[in-house]
Amino acid sequence: MPAAGRPGGGGRVPAVHGARRRRSARSLLYFVREGIRGFGHNGLASAAAVTITMVTLVALGAATVVASTLDHLARRLESRVEMIVYLRDGLGAGEVAVVRARLTRLPGVTGVTYVSKDDALAAFQQRLGSRVDLSELSHNPLPASLEVAVDDPVRLPAMAAEAGAFPGVEHVSYGAETVNRLLAVTWWVRFLGAIASGGFALVAMIIIVNTIRLTVLARRAEIEVMRLVGATAWFIRWPFVVEGAVTGALAGFVAMILVTGAYAWLARALPFLPLSPQQVALDLVWKVLLWGVVIGIGGSLLAVRRFLSL
Amino acid sequence: MAVPSSPPHGAAMVEFQQVSKVYPNGVQALREVTLRIEPEEFVFVVGPTGTGKSTLTRMIYREELPSSGHVLVEGRDVTRMPHRQVPYLRRRVGVVFQDFKLLQRKTARENIAFALEVTGAPRSEVRRRVGEVLEVVGLAARADAMAGGLSAGEQQRVSIARALVHGPSLLVADEPTGNLDPDTSWEIVQLLSRINLGGTTVIMTSHDKQIVDILRKRVIALDRGTVVRDEARGLYAGGR
């Protein structure tokens, strides 16, 4: 059979390639068309599948955003080579000067700045912006402090311990200590987020399996004919894979809008959040979409598995 | 018309080697069936209902696997064929069913084209091949009617055209006249006979005594899963 038409086949290779490309482009079109048709055909079931997948992805997305916000805060703190020595209320100017002098003498200290209670309140007011008016407070709850600049963050733990023992010092805080606490919280956020989205993902998968099974059942006759006339298993599977991917991508898209929207709203109320809503959207776009599509395709493959085993 | 390529030199078109089939529910459909069908033969497989005729045909296109024994198609052992090669076997073996298995909401032409499209055939080839097989089965005039609106005989013609569209070397028809009245049955059998004359091997199961006796082709008779008779130019019931 292949002998026919072989001679004189000099310039045929590109034509064959072109034909193959056209063929796969047409098959692709067929898969996408059939996949979308299946999605539309299932109406309510598809909507339910998108909704539960979206809930999954919102959980995943929210955990991702919270964790990366905390990460950012932690990193920002870690890079600070300073410690803040909070002073007890009611310290006289002489006592402050003594603490300051002792701090200045510590090795590695490159500068000490005094921040009075009033300065602290003003700075805090500035960070909050105009949304909250701190001048309405009956008394100033913020302590006065000495901001100590250091040449190397490695010295900070020992230095903080020493300074904490000085008379008149209430508490010493420095980046790494806060960072450790933040990182612990970040770990928990990620852990709980993973468990919650894992659980939701399972439910979402089950619902997608059942939704796509509806399409499979509606097309049983067609699938049987396809099998009998020699369509490959993947040719039969692809439309269902597309249907699953469409479900997941749609859910991912909506979830991304919801999470980013919620973040943007929060960011307006809390101006100190380190990430801009644009950064959050960029970070989420691939994670949430990818996970949505993975869940959708996983569900669709599970749904068709039984029908395609010979 | 289809120009089937021949199997490797000397190989049978279909060969059953001591094939037995026991279904999970304990029913024994075939017992030690051994037979050989040569290229370009026309073979009737006859016998009462439930004697394993369908099981036998389904094994040829590997819709069913034997419990023991081997089935060879064009010299290839299909019982040992990996899953992903089965579609390519089915493009070499056209299958016709008693219940036609057409997609009712597609036209005759679309039903036939579907068989080629799902193998990714180029559009120009689909158009050409579908036109050809529509001519062969004599349905060119009804090509654009919905399958659901065709008569039973016409539907069976569409299903035969679909089976032929890949240009198979072998056509397997399981009770193709089972749902048809005698006149229509006769037309379908004549069509299959013509296709056979074009070089395509035809294996047809039937329990229609009249048709088998008129055609005087090779007859393989099954009874309770065993080949009880295999005659060239045979009759339905055997004897002279």
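Trainee: Of the 310 residues of chain A, what percentage count as buried?

Mentor: A residue is buried if 20 or more other C-beta atoms lie within 10 Å of its own, exposed if 12 or fewer, and partly exposed in between, with C-beta atoms placed from the backbone. In chain A, 31% of the 310 residues count as buried. This is a predicted model, in which local features need pLDDT of at least 70 and side-chain atom pairs count only at pLDDT 80 or more, while totals for chains, interfaces and linings use all residues. Residues are numbered from 1 along each chain as its sequence is written, and chains are lettered from A and ligands numbered from 1 in the order in which they are written.

Trainee: How many helices and strands does chain A have?

Mentor: Helices (H or I, at least four residues) and strands (E, at least two) are DSSP runs, numbered from the N terminus. Chain A has nine helices and four strands. Their order from the N terminus is α-α-β-α-β-α-β-α-β-α-α-α-α.

Trainee: Which strand of chain A pairs with E3(A) over six bridges?

Mentor: Strands of a sheet pair through backbone hydrogen bonds, either parallel or antiparallel. Here, two strands pair if DSSP finds at least two bridges between them. Strand E2 (residues 109-115) of chain A is joined to E3(A) by six bridges in the antiparallel sense, and Gly111(A) stands opposite Ala149(A) there. Strand E1 (residues 82-87) of chain A is also antiparallel to E3 (residues 145-150) of chain A, over five bridges. Within that pairing, Ile84(A) has Glu147(A) as its bridge partner.

Trainee: What is the strand order in the open sheet of chain B?

Mentor: The order of its six strands is E6-E7-E8-E3-E9-E10, and the pairing is mixed. Strand E6 (93-96) and strand E10 (226-231) of chain B are at the edges with a single partner strand each, so one side of each has no neighbour in the sheet. Within the sheet, strand E3 (residues 42-46) of chain B runs parallel to E9(B), joined by four bridges. Phe44(B) has Val219(B) as its bridge partner in E9(B).

Trainee: Why does Ile220(B) count as buried?

Mentor: Ile220(B) is buried because 23 other C-beta atoms lie within 10 Å. Ile220(B) belongs to strand E9 (residues 218-223) of chain B. For its neighbours we need contact: two residues are in contact if their C-beta atoms, placed from the backbone, lie within 7 Å. Beyond four places in sequence, Ile220(B) is in contact with Leu35(B), Val43(B), Val45(B), Val227(B) and Asp230(B).

Trainee: Which residues touch the most other members of the largest nonpolar core?

Mentor: A nonpolar core is a set of buried Ala, Val, Leu, Ile, Met, Phe, Trp, Tyr and Cys residues joined through C-beta atoms within 7 Å. In the largest one, of 119 residues, Ile112(B), Ala161(B) and Val172(B) touch the most other members. Helix H2 (residues 44-78) of chain A gives the most to this core, with 14 residues. A second, separate core of 15 residues includes Ala144(A) and Met159(A).

Trainee: How many residues of chain A are in contact with chain B?

Mentor: There are 16 residues of chain A in contact with 18 residues of chain B. On the side of chain A that touches chain B, H7(A) gives the most, with six residues.
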